Amino acid sequence: MPGVISDKERLWQVVSEAVDRTPVTDMHTHLYAPAFGCLGLWGVDHLLTYHYLIAETMRQTSLSYEDFRALDRKAMAEHVWRTLFVEHSPYSEACRGVLTTLGRLGMDVSSRDLSTYRKWYEGLTYRRFVDLVFSVAKVKTAVMTNDPFDPEERELWLKKGDELKKDPRFRSSLRIDPLLYDWKNQYRVLRELGYDVGPEFSPGNRRTVEETLRFLVDWGRRMDALYLAASFPPDFDYPSNSTASDLLDHCVLEACSRLNIPFAMMIGVKRRVNPSLGLAGDMVGRARVEAVERICARHPDRRFFVTMLSRENQHELTVLARKFRNLMVFGCWWFLNNPSLVEEITEMRCEMLGTAFIPQHSDARVLDQLIYKWDHSRRVIARVLYRKYETLFDTGWRLTTNEIERDVSDLLDRNFWNFVKGM
Ligand code: RAT
Ligand code: ZN
C-alpha cells in the first residue's frame, strides 16, 4: 500500500501534521464579516475584555461591578491585564489564550508590555487582519451567529443585504433565541417587519403560525443561512406545554424543511444567574437528553446539530447519536472548552462514534481568538487521535497517510458540510 505508516514515530508525525494543517470549518462563532462594520471585534483590548476573562477578573478585584462597568474599554482592559496577568499567573484557559494569540501573531509575550501590544495593531484594518488571522489559524470558513432580533444587525441586513454575504469565508446561521423565549416582546419585531402575528403564540392561531413560518423562511433566505439555531435552558423539554416547544413543532422545523437545512440546538445554559456580570453571568445546568431523543425520533426527516453545556450530559448525548443518524453532535461548548474536558469528551466520542462527529467549534467573539481557540483544540485533538490510531496499530492494522488526512478532514471540515447538505 502506498504511503503506509510502519512505525509509531511516523504515525505521530502524520497525525499531528494533518491536525495542524487541515483547514477548518468553524461551525459556530460570534464573528462578523468585514461588511458588518463595527460589529466585528478585534484587537488586544477586546481580547482582554472577553466575558470569560471578566468573570475571572471579578473574582480577584476589589472593584465593584458598577465601577468596573463604568470604565471605558481601554481602562477595563488595563484592569484585567493588571489583575489577571500581573498580580497573578495567567494559566487559566482564557488567559493563556490571550498569550497564545499574541505570540502566534509575532508579539513577544515575555515583555509583558500592554502598550507594545497595542502599538502592534496600529495601522492594521479589520479587513487585512481577517486575512492574517484566517491564515494563521488555518480557518477556511467561519459560521456567524446572525440575530434578526438585534436592532443593529437587523438594520444592516435590511439595508445592505447581499453585500453582507460577499466574503465567502463568512457564512450565516439564523439565531432565534428571542423568538423561542421572549415571544411576548419579540412578536412586535415581526409585526414591524410586516408579519401579521399576535401577542400570544398558540398553535391554534393559524395566521400567527403561518406568518412566523414566513418570517423564518424569508430571513433564512435573506441570510443564506446554513442552519437555524437556538440555545436552550437546562429544563428544556420536548414535547412540552411551552411556547418554545410549540414554535419548534409548528414553525421552526417546518422552516428548516422548506429551507432544507438543519436545526442547531445548544442546550444547558441558565441565563443571567448574576446579571451584574452581563454576558459573563450565565451558568451551566444539567439538561434532559430525553428531549433530544424525542425530537430526533419524532422528526426523522429533520437534521439536528446538538451540543450540550454540561459535562454530565456528554455520555448520554454521545450514546444518543449512535441511535439517530439525524443527530450530529458538535463542539465542546463554552465551559467545556478547556483542554482537560476537550480531551475527555473527544476521546469518548471517538470511541463511540468513530469519525462521525464534529469535535470542536471556536465560539470566538473577537477575531483574534480564532488563533488560540484552534491552536489549543488542535493540540488536544491530535493527541487523542494519535492514541486511537495507536490502538489500531497495536492490532496489526496499518494506516496510510491519505487515510489519516481523510479522517482529519472529515472531523474538522467535511462532516459539517455533509450534514448541512443532508448527505
Ligand atoms: O461562549 C460564549 O461566548 C457564550 O456567551 C455564548 O455566546 C454561547 O456560545 C451562545 O452562543 O449562546
Ligand atoms: Zn456561542
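Author: Happy to! Strand E6 (residues 263–267) pairs with E9 in the parallel sense, over five bridges. Please keep in mind that this is a predicted model.

Reader: Thanks! Which residue stands opposite Ile267 in E9?

Author: That is Met308.

Reader: And what about E5 and E6, how many bridges are there?

Author: Strand E5 (residues 228–232) pairs with E6 over five bridges, in the parallel sense. Within that pair, Ser231 stands opposite Met266 of E6.

Reader: So what is the strand order in that open sheet?

Author: The order is E4-E5-E6-E9-E10, five strands with parallel pairing. Strand E4 (174–175) and E10 are the edge strands, each pairing on one side only.

Reader: How many residues of E6 are buried?

Author: Five of the five, so E6 is largely enclosed by the rest of the structure.

Reader: Which way do the E6 side chains point?

Author: Phe263, Met265 and Ile267 point one way, while Ala264 and Met266 point the other way, and all are buried. As a general rule, side chains in a regular strand alternate between the two faces of the sheet.

Reader: Nice. What lies across E9 and E10?

Author: Helix H15 does, running at about 140 degrees to E10.

Reader: Which residues of H15 are buried?

Author: H15 covers residues 314–323, and the buried ones are Gln314, Leu317, Thr318, Leu320 and Ala321. Looking down the axis of H15, these buried residues fall within an arc of 160 degrees, so they line one face of the helix. In general, an α-helix has 3.6 residues a turn, so residues three or four places apart point the same way.

Reader: And what covers the buried residues of H15?

Author: The cover includes helix H14 (289–298), strand E9 (304–308), strand E10 (327–329) and helix H16 (339–353).

Reader: Let's switch to the nonpolar core. Which residues touch the most other members of the largest one?

Author: Leu228, Phe263 and Phe305 do, in a core of 154 residues. Helix H17 (residues 369–395) supplies the largest share of this core, with 12 residues.

Reader: What does Leu228 touch?

Author: Leaving aside residues up to four places away in sequence, Leu228 touches Leu174, Ile176, Leu216, Val252, Ala255, Cys256, Leu259, Ile261, Pro262, Phe263 and Ala264.

Reader: I was also curious about Thr212. Where is it found?

Author: Thr212 is in helix H12 (residues 206–223).

Reader: Is Thr212 buried or exposed?

Author: Thr212 is buried, with a relative accessible area of 0%. Not counting residues up to four places away in sequence, Thr212 touches Leu179, Trp183, Leu190, Val197, Phe201, Leu247 and Cys251.

Reader: How far apart are Thr212 and Val252?

Author: They are 40 residues apart in sequence and 8.7 Å apart in space, C-alpha to C-alpha.

Reader: New topic: the zinc ion (ligand 2). What coordinates it?

Author: The zinc ion (ligand 2) is coordinated by His28 through NE2, His30 through NE2 and Asp363 through OD, at 2.0 to 2.1 Å. Along the chain, these donors follow the spacing H-x1-H-x332-D.

Reader: Are the histidines buried or exposed?

Author: His28 is buried, with a relative accessible area of 2%. His30 counts as buried too, at 16% relative accessibility. The cut-off for buried is under 20%.

Reader: How many residues of E2 are buried?

Author: Four of its five residues are, which leaves E2 mostly covered.

Note on methods
Residues are numbered from 1 along each chain as its sequence is written. Chains are lettered from A and ligands numbered from 1 in the order in which they are written. This is a predicted model: local features need pLDDT of at least 70, side-chain atom pairs count only at pLDDT 80 or more; totals for chains, interfaces and linings use all residues. Side-chain values use heavy atoms; hydrogens and water are left out. A nonpolar core is a set of buried Ala, Val, Leu, Ile, Met, Phe, Trp, Tyr and Cys residues joined through side-chain atoms within 4.5 Å. Buried means under 20% relative accessible area, exposed over 50%, partly exposed in between (1.4 Å probe, protein chains only). Helices (H or I, at least four residues) and strands (E, at least two) are DSSP runs, numbered from the N terminus. Contact means heavy atoms within 4.5 Å. The arc is that of the directions from the helix axis to the C-beta atoms. Donors are N, O and S atoms within 2.8 Å of the metal (3.2 Å for Na, K and Ca); water is not among the atoms, so sites may look incomplete. Two strands pair if DSSP finds at least two bridges between them. Axes are lines fitted to C-alpha atoms, for helices over the stretch in contact, and angles run from 0 to 180 degrees between N-to-C directions.
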